[in-house]
Structure formats: C-alpha cells, structure tokens
Amino acid sequence: MSVDKIWVLAEVADGAPITTSLELISQARSLAGTVEAVTWGDATASVAGTLGDYGVTTVHDVGDLAGALPGAPVAAAIAAAVAQGGGPDAILFPATYDGRDIAARLSVRLDRPVLTNVVGLTAGDGGLVTEHAIFGGSQMLSARFTGEGPGIYVVRAKSFAAEPSGGAEAAVVAAPAPDTGATNGARIVARHVEERIGPKLDEADVVVSGGRGLGEKDNYALIEELAALLRGAAGASRAIVDAGWVPYSHQVGQTGKTVKPTVYLACGISGATQHLVGMKNSKNIVAINKDQDAPIFSVADLGIVGDVHKVLPQLIEAIKARG
Amino acid sequence: MNVVVCVKQIPDPAAPPALDPGTNNLVREGKLILDDSDSYGVEMALQLADAAGGGEVTLVSMAPNGETSGLRTALAMGAAKAILISDDTLAGTDALGTAKVLAAAIKRAEPDLVLAATESTDGYTGTTPVQIAELLGLPSVTFAKKVEITGDSVKVERQTEAGYDEVESPLPALVTVTAGVVEPRYPSFKGIMAAKSKPVETLTAADLGLDASQVGNAGARQEITQVADAEARSAGEIVTDEGEGYQRVIGFLEQLKVL
C-alpha cells in the first residue's frame, strides 16, 4: 500500500495548533504527497494560516462542539469523511488526552487497530513503518499495519522536529460530525486553569524531577524551588504521582510526558524503565541518588551518589547566593 | 449502582520483561499479578458503590491460562465477583481485539458505570477503555482525577494540559481514572479468605459470540517487523558526595550556560 495522503489531527490550544501536531505535519510532508489536517473548535479559521505554513493544503473543520468532549464527534466526522471516499491512507494523532480518545473511537468506527506510543515513522514497501521504544528505551521495535483501510497512529511528543515549509494558507472545508447519540453525552461544564509559574514541562529547557527518594510529599517543594531558580519546570516519577504527592500532569515517563530539555536533573529517582523512556533523550542528564547502583546513573552525564536531603538544599542555597 | 472495573493481570513489573523470539508477543507465562494501575479503579468503584448506598462491583479481565491471582487480589479488596475471559485463541490479541472481548463481557453485567485505568503498566497502549465505550455505545470521560455520582449522572474532574475540566455525563458511562486519585485499600485477612470463595465466571471468546478472526494474532492486523537494540547512552562521571557534590552540579550547569 503506497501512502499518498496523510491526515494529521491538529489540536488547538490558546488559539494555535499545538507543537506536537506541527511536528506530525512536518514529518508527514516527507512521507506523503498530500498532507491535510482535521481540527475542531471555535477558532479553526485562525489556524489555517499556520497549518498552511507547515504544509497542510486542506483543513477538515468539525466546527464548534458546544462543550462536548471531542472523542465521539471528531471520530465520527473523520469516519464519515473516510466513508465518502478520497480519505487518507494514514491518520496521525498527537499523544494527548483528546488525541488518544479520538483515535480509540475512530479505531472502532473503521474497525482498524491503532499503533500507539509511536516515536518514529518511515515509508516502507508495505506502507508506513513505525518505531516504538520498548523496555525503557533499551530496544526499538518496528511495526506496520496489515490488511485494508487507513492506518491509525498515535505519536508521542518530540518524535520529530516542527519545521515550516512556507506553504500558502490552507483551504478550510466543513466536516460536520454526524449524530453520535449516547456516545456524545459528556459535557464540559467548567474549565479550571491551574496557575503555572515558569515554562511547560514538555517545553522547558531545564527540568528538575523528584522521585520516591524525596521521602515525603512536603519535600517536593525543594524540586519546585530548584526548578524555579533555574527557570525550568518541575517533573516527577510515576512512583510519587501514584502516591498522590503531585498531579499526573507532572509525570515524566512511559505513561507520562516525554521531555528533551537541555538539562534534566533527576533527584531521588532510581530510574525504572518506566521513567527512563520519558527522559533518556535529554541533552544532558544529572542524577542525584544515594544508591550507587541505581539504573538512573547508567544514563547520567553527571551522577552524584548522595542524599537528596543534603545535596538539594546546598544546591538551592548556592544558586541563591549567586543572586 | 453496579460498577464494572476492567482489570489487567500482568507479569510482575519488577521482573525484566521479554518478547517471545518466535511470535514477538510479550511473554506472559509466569504468575500474573493485579496491575497496580487498576487498584485505583477497584478502590474508586468500591467507594462509589458505598456512597450510592449499595450495588455490586464486578471485575472483568482477560488473561491466559485461566489466571485468577490478580482477580483474587481485587476480590479481596471487596469486589463481589469476576468475569474472566481466558482462551488459547486469545494469545496475541491487540488492544482493539481486547476491547471487543471485554465489551462483550461487560454487556452481560449491565453496569451503570464502567471504570478502567488510563492505561496498563505493561502494554500502555491506552486505547482499550475508549474502544470499549465506542463498542458499547457509551459516553466516556478519560483521565479522571475525581469521580462523583449524582442521581443518574457522573461528575468528573478531568485532567487537562492547563489544569482540569469539570465534565458531566449521563449514566451509563465509562470513566478512566489516573493513578493516585484514591488510596487503594490493603486487603484484610478476612477479605483474602472471603475472596477465595467469591464467584469467578470463566468464559471463552466463543462463549461471547466472538469469531476467531476478530481476536488473537489473526485479528491483530498489525505486525512487528523488527526488534533491535537502541543506541546506548554512554555513561558519564559518577562522584560520591562528601559535602561538595552540589558544587559539581553547579559547575556542570555553568558549563551548559544554564547558570
């Protein structure tokens, strides 16, 4: 199966396409002659320029969802467009909260499986070949779809570079969702924005993460303080997210965010494979852990075998003293 | 208030995982345990049934070799019964096939609410719950950090990039919960003893009316083409802190012009 046309889910946040969608569009250009996007919301007209600049020729606009979660209606709209013919050979989704929901529902509608946690995409003889980092990133697995129908791919952030191609503004065509009945029953009744000081975790140049070695929940304040001093973001291992110390949005790893900062400081994190897969491609890694056999040291450029309860306060004071 | 919780029984994550060199399926031969991620859904279900003043918590799981040890853990926590789908034809079933199997089993339990983890610890595909919702024609709310039942609707605080959304959905519905949302209880001795005699109904794919072409390796319609070692990261310098360790970090950050 040759790949002529790829659709990319262009998720919009704060009036602009999210970076991961732009990364997928950039990569799609090298894989297929035609790249189109699917989007929804009340600001879709304003993103046609940016999407065009990255090489999208047509935007399929599902329109405003009136408070509905996008999973059911956007999947139904894509399925309807595919059924009309002229649909894509592959559909790429960013691995976001909504991206995964839409991909999962579309999978059932098209009766096609989904390949998730994709970190690489290349053109092969029988269609696209995906790459997946498994076992903590120690091995790379390649896979592809068999059978008829478009491939559905959910791709992790930062798998590709986002590079504009200087294309003209994309044409916007309406792709309204058909009635999806009970599946579309959930409604957003209020949105809460948590105040964030400093950069987003997956966009920060510096990430300071804490793990179980911190000992107790209150000590996470040290991680936040150091992150603030370095103008970075505060991350966490799964262990302390599971323990309820910090919200899931801070989690770095296989089931959390992928980060590739200039420097990643792992404090009191042993380096379970679950964690390594989310941060081992950081440009520089510093690890502080009292267990010298901790796996985190196998990926660290600088490892300090020591007690985070001593080293972190010293580090914070020394940086403060620099003014 | 009847709640179904999807639970996965997985190889102990502490043991190194492996792929079968012949089939490239994940080796799932040893003893399986309850996926930690699912203990939050089980706890949530028990609390919701309690708050609603009654109702049953039913577990639904698909596992090889009639495995029940993970189910017994969840039964010991307080779930009333379990449906286990176990069948040699299911080896190699992918996420969509798994969703078809679980959806067919869930349908028999006629729940008001279906709970699942956002993703499993071993496969972490993260699509099975919403695929189940679509197959059953249910609304779904994923990444819940708080769940409340009011009358015939469910109110969820759903994690977002910026914070959280308050989402309401009519019942029946499917909700996936993130880890850490509740404190899973430890099974009591009494609970462990009681779990031994709680009903576990074991079914095959055929019992659920599923055709062999929809499940197993045949139904997967995706193949692994290659498994290779990733480029290893070279180890750096490791120093033992004797009170000066922080200065090494400072020096490293200066060198990178972060400081």
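Predicted model: local features only at pLDDT ≥ 70, side-chain atom pairs only at ≥ 80, totals over all residues.
Visitor: How many bridges join strand 13 of chain A to strand 9 of chain B?

Guide: There are 6 bridges between strand 13 (residues 187-193) of chain A and strand 9 (residues 163-170) of chain B, and the two strands run antiparallel. To find the place in the structure, look for A:His192, which stands opposite B:Tyr164.

Visitor: Do strands 4 and 5 of chain B pair in the parallel or the antiparallel sense?

Guide: Parallel: strand 4 (residues 57-62) and strand 5 (residues 81-85) of chain B share 5 bridges in that sense. One pair to look for is B:Met62 with its bridge partner B:Ile85 in strand 5 of chain B.

Visitor: Back to the two chains. How many residues does each one bring to the contact?

Guide: Chain A gives 75 residues and chain B gives 68 residues. On the side of chain A that touches chain B, helix 4 (residues 97-110) of chain A supplies the largest share, 9 residues. By class, that side of chain A divides into 39 nonpolar, 25 polar and 11 charged residues.

Visitor: How are two packed helices described?

Guide: The description uses the angle between their axes and the distance between the axes. Take helix 5 (residues 220-229) and helix 8 (residues 308-321) of chain A: the angle is about 30 degrees and the axes are 10 Å apart. These two helices are therefore roughly parallel to each other, and their crossing is left-handed. Residues of helix 5 in this contact include A:Leu222 and A:Leu226, while those of helix 8 include A:Leu312 and A:Ile316. The contact has 8 nonpolar, no polar and 2 charged residues.

Visitor: At what angle do helix 3 and helix 4 of chain B pack?

Guide: Helix 3 (residues 95-109) and helix 4 (residues 128-136) of chain B pack at about 55 degrees, with axes 8 Å apart. They are therefore oblique to each other, and the crossing is right-handed. Among the residues making the contact are B:Ala99 and B:Ala103 of helix 3 and B:Ile132 and B:Leu135 of helix 4. This contact has 9 nonpolar, 3 polar and 2 charged residues.

Visitor: Let's step back to the whole of chain A. How many helices and strands does chain A have?

Guide: Chain A has 8 helices and 18 strands. Its radius of gyration is 21 Å, close to the 20 Å that the globule rule gives for 323 residues, so chain A is as compact as a globular protein of that length. Along the principal axes, the C-alpha atoms of chain A fill a box of roughly 65 × 45 × 40 Å.

Conventions
Residues numbered from 1 in each chain as written. Chains lettered and ligands numbered in written order. Contact = placed C-beta atoms within 7 Å. Helix = DSSP H or I, 4+ residues; strand = E, 2+ residues; numbered from the N terminus. Nonpolar A, V, L, I, M, F, W, Y, C, P; charged D, E, K, R; others polar. Pairing = 2+ DSSP bridges. Axes fitted to C-alpha atoms, helices over the stretch in contact; angles between N-to-C directions. Parallel < 35°, antiparallel > 145°, perpendicular 65-115°, else oblique. Left-handed = near helix turned anticlockwise from the far one by under 90°. Rg over C-alpha atoms; globule rule 2.2 N^0.38 Å.
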